[in-house]
Amino acid sequence: MDFEFSDEQKAFRKVVREFAEAEIAPYAEEWDRTHEFPTETVLKMGELGLFGLPFPAEYGGSEADFTTLCIAIEELARVDQSMAITLEAGVGLGINPIAVYGSPEQKERWLPDLVAGRSLAAFGLTEPDAGSDAGATKTRAILDGDEWVINGSKAFITNSGTDITSLVTITARTGQDEISTIVVPADTPGLTVEPPYRKMGWHASDTHGLRFDDCRVPKENLLGERGRGFHQFLAILDDGRIAVAAMATGVLQACLEHSVAYAKERTAFGRPIGANQAIAFKCADLETMTEAARLLTYKAAWLKDQGLPFKQAAAVAKLYAAEAAVTATREATQIFGGYGFMDETPVARQYRDAKILEIGEGTNEIQRLVISRGLGLPVER
Amino acid sequence: MKIAVCAKQIPDPATPYELDPEHHWIVRPDDQILDDTDRYGVEIGLQLAEASEGSVTLFSMSPAGNLQGIRQALAMGADKAVIVSDPALKGSDALVTAKVLARAIQQEGFDLVIAGTESTDGSAGVLPQQLSELLEVPALTFAKAVEHDGDTIRIHRQTPDGYDEVEATLPAVLTVTAGVVEPRYPTFKGIMQAKQKPVEQLTAADLGFDATEVGAAGSAQYVRSVTPVPARQAGEIVEDDGEAYRKILEVLEQAKVV
């Protein structure tokens, strides 16, 4: 058994931490306040090669393993979840479907810019009436000659309306019991990007609803096999769960560091608040949760990298890490007392941002369903 | 252009390090990092090499150990490294270090040698000038901007009040200040490639030195004693009676900040 990251992974973690501390942390509060998607910073993340980490060198990627991608996501989330989800969604939901299911022509056309981080792709799965129940997709695509004609709407789509968004991959009903995946270039007439949502957190992350009104794309924009859309996005979501667990781990690490530092520095009744068991034990719990989340996350990432089954491990890691992150941000906010309730305090931002970790890429309830089915229980079949 | 960049591995300034009680030398941990001031030298070296289809070779005198700091510079994009690593070098002063590096650089050949102005751990700030003497080439120092045109290097040399424009014909030695360029972050691809890049390890004997010429034995300089830095004094408080800005301006002028 070996719990060590490789020397290269350690060196890379250091670089990403340095980047995050210098290029993101000083501005995260402002972006949170102004709800600004920092395009320039995202382009810098591209220059650092973050969006190309797990992809083939022929498209400009680094051929890194999934563990290395998780390290990058964890380090970004440690200072700002908005930038972490921008990377996570950009890679996992944006680029991955094209890299995995795309034809050589589709890869050639889209991957070089996406992998270099010069453009972003989004994944349109969720609909106003179809979230966890993705099979209830209502958006339709009908073949009319050489074109798909798309009608419908999508909700909560990350990275779908930035200045550098080049495409949205959507799931659409292409027959009675048939869901397929289709690539819609961002400038396609009939595609409307709705105004950004007013979210509780992740303010600097770009999230929009999308509307398709007789939106026409060429027939060859079908991604992978017709009718395989359901299987495709389920596989994509398994990867995403580990990545969200990595985000949650970064959040936990941030809570731990901020809380311990504050517990040593802040005095009350003539001594540091960390001298009180009530505070010290909270810090001990944060350490324990952080360690557990990290181990679950990287165990799942390791399984994936080894080509071993990881569905169960991914669901376990995502469920535990997300719940732990929400608990940790609440407790860290408590340690910060009145300052913890001020928006500009990093743990306050992390608190607002963390809740979505229990919802996105499979809710806690869906994870429990996956896990209990993995145990062989005939639950809700 | 063939560019030699001096790169020093130092203990991480974020973690306190010790001096050995007898010689007052830094007790070097196995894990050392690239001196932050050298990242600027590496970056300007890479930019000049990219513009002239040249190459960047790193030179370092460093005890054997892991080469984490050198790998950091290779990950930024330097082509290879030459490390002079030999227990006999322990205790070398700046001049001996310069002699060792000069011979290694000469052996490799160079058009331009780039260094930081001074290292973060030793802070002697004399090595580059010694190198230029030993290599018998001009030294352009404290560059805050660098321009290259054929055989000529032109710099803005930082002065207390502004800068001087200085130029020299290659070959030359150049020292750069922090801020001359924004050093790039190594990418994961760069980190992986750094593993494969050649790191040549030489001993003092490989460069033709015998044991009496290097290390403590060959050094004229030694540290007699060290004293801890005095604790920082409380700053001066200027009470604002409406005229405080004058006083503040005076202090800033004295510090040559404005």
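1. **Salt bridges overall.** Across all chains, the structure holds 38 salt bridges; the term stands for a side-chain nitrogen of Lys or Arg within 4 Å of a carboxyl oxygen of Asp or Glu. Please keep in mind that this is a predicted model, where local features need pLDDT of at least 70, side-chain atom pairs count only at pLDDT 80 or more, and totals for chains, interfaces and linings use all residues. Residues are numbered from 1 along each chain as its sequence is written, chains are lettered from A and ligands numbered from 1 in the order in which they are written, and side-chain values use heavy atoms, with hydrogens and water left out.

2. **E8(A) and K195(B).** These two form a salt bridge whose closest N and O atoms are 3.9 Å apart. The pair crosses between chains, from helix 1 (residues 7-34) of chain A to helix 5 (residues 188-196) of chain B. Helices here are DSSP runs of H or I with at least four residues, strands are runs of E with at least two, and both are numbered from the N terminus. E8(A) is buried, at a relative accessible area of 13%, while K195(B) is partly exposed at 39%. For these words, buried means under 20% relative accessible area, exposed means over 50%, and partly exposed is in between (1.4 Å probe, protein chains only).

3. **E18(A) and R39(B).** Here is another salt bridge, with an N to O distance of 3.0 Å. This pair also crosses between chains, linking E18(A) in helix 1 of chain A with R39(B) in helix 1 (residues 36-52) of chain B. E18(A) counts as partly exposed at 34% relative accessibility, and R39(B) counts as buried at 15%.

4. **Salt bridges in chain A.** The side chains of D343(A) and R352(A) meet in a salt bridge of 3.1 Å, N to O. D343(A) is partly exposed, with a relative accessible area of 47%, whereas R352(A) counts as buried at 17% relative accessibility. Elsewhere, salt bridges that share partners join R13(A), R17(A), E74(A), E75(A) and R294(A) into one network.

5. **Chain A as a whole.** Chain A has 11 helices and 10 strands. A compact globule of 381 residues would have a radius of gyration near 21 Å, and chain A agrees, with 21 Å. That radius is taken over C-alpha atoms, and the globule rule is 2.2 Å times the number of residues to the power 0.38. Along the principal axes, the C-alpha atoms of chain A fill a box of roughly 80 × 45 × 40 Å. Of its 381 residues, 55% count as buried.

6. **L256(A).** This residue is found in helix 6 (residues 229-265) of chain A and is buried, with a relative accessible area of 9%. Its C-alpha atom is separated by 9.2 Å from that of T329(A), which is 73 residues apart along the chain.

7. **A charged patch on chain A.** E58(A), E63(A), E105(A) and E108(A) gather in a patch of negative charge on the surface. Patches are made of residues with over 30% relative accessible area and no salt bridge, like charges being joined within 9 Å and nonpolar side chains (Val, Leu, Ile, Met, Phe, Trp, Tyr) within 5 Å. One of the four, E63(A), lies in the loop between helix 2 (39-47) and helix 3 (66-79) of chain A. E63(A) is exposed, at a relative accessible area of 53%.

8. **Chain B as a whole.** Chain B contains 7 helices and 11 strands. Its radius of gyration is 20 Å, close to the 18 Å that the globule rule gives for 258 residues, so chain B is as compact as a globular protein of that length. The C-alpha atoms of chain B fill a box of roughly 70 × 50 × 40 Å, taken along the principal axes, and buried residues make up 42% of the 258.

9. **Helix 2 of chain B.** The buried residues of this helix (residues 68-76) are G69(B), I70(B), A73(B), L74(B), A75(B) and M76(B). Just after the helix, G77(B) takes a positive phi of about 140°.

10. **A nonpolar patch on chain B.** V238(B), I248(B), L249(B), L252(B), V257(B) and V258(B) make a nonpolar surface patch of about 490 Å², with areas from the Shrake-Rupley method and a 1.4 Å probe. V238(B) lies in the loop between helix 6 (215-218) and helix 7 (244-254) of chain B, and counts as partly exposed at 32% relative accessibility.

Note on methods: Lys and Arg count as positive and Asp and Glu as negative; His and the chain ends are not counted. The place of a charge is taken as NZ of Lys, CZ of Arg, CG of Asp or CD of Glu.
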